[in-house]
Amino acid sequence: MLIVFGAAVYYGLHIGAIYMRYYELLDDMQQQARLGSLFPNDSIQRHLGSQADSLLGQPLRFQIHRSPDRITISTEYSEELDLPLLKRTFVLKPYASESF
């Protein structure tokens, strides 16, 4: 029973870390979307790119679209998980949208 619990914790920590990084990046994207009326696209791109590099170890390219009353920010990236008995690629697509 203890082995099963230990395995669940081991796998859970590694999988949970992927989603924690995803939600940290998503939170930053939502914050930039809320402040989108104050900053130009290149400033948002630089900020989010450095945040992604810090969190994921790789810079990402963000798609930033504006309309007269809305801004949307999206990207796509993948993270590989290679654990004993489990090898999986997670494709993540964070998306943030905000009205002005």
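Is Phe5 buried or exposed? Phe5 counts as exposed, because its relative accessibility is 56% (buried is under 20% relative accessible area, exposed over 50%, and partly exposed in between, with a 1.4 Å probe and protein chains only). The model is a predicted one, so to speak of local features takes pLDDT of at least 70 and side-chain atom pairs count only at pLDDT 80 or more, while totals for chains, interfaces and linings use all residues. Residues are numbered from 1 along each chain as its sequence is written, and side-chain values use heavy atoms, with hydrogens and water left out.

Phe5 sits in helix α1, residues 2-34 (a DSSP run of H or I, at least four residues, numbered from the N terminus).

Now to the rings. There are three aromatic pairs (centres within 6.5 Å; planes under 30 degrees apart are stacked, over 60 edge-to-face, the rest tilted). One of them is Tyr10 with Tyr11, edge-to-face at 5.8 Å centre to centre and 80 degrees between the planes. Tyr10 is partly exposed at 38%, and Tyr11 is also partly exposed, at 21%. Tyr22 and Tyr23 pair edge-to-face too, with 5.0 Å between centres and 80 degrees between planes; Tyr22 counts as buried at 14%.

Key:
Helices (H or I, at least four residues) and strands (E, at least two) are DSSP runs, numbered from the N terminus. Rings of Phe, Tyr and Trp (its six-membered ring) pair if their centres lie within 6.5 Å; planes under 30 degrees apart count as stacked, over 60 as edge-to-face and the rest as tilted.
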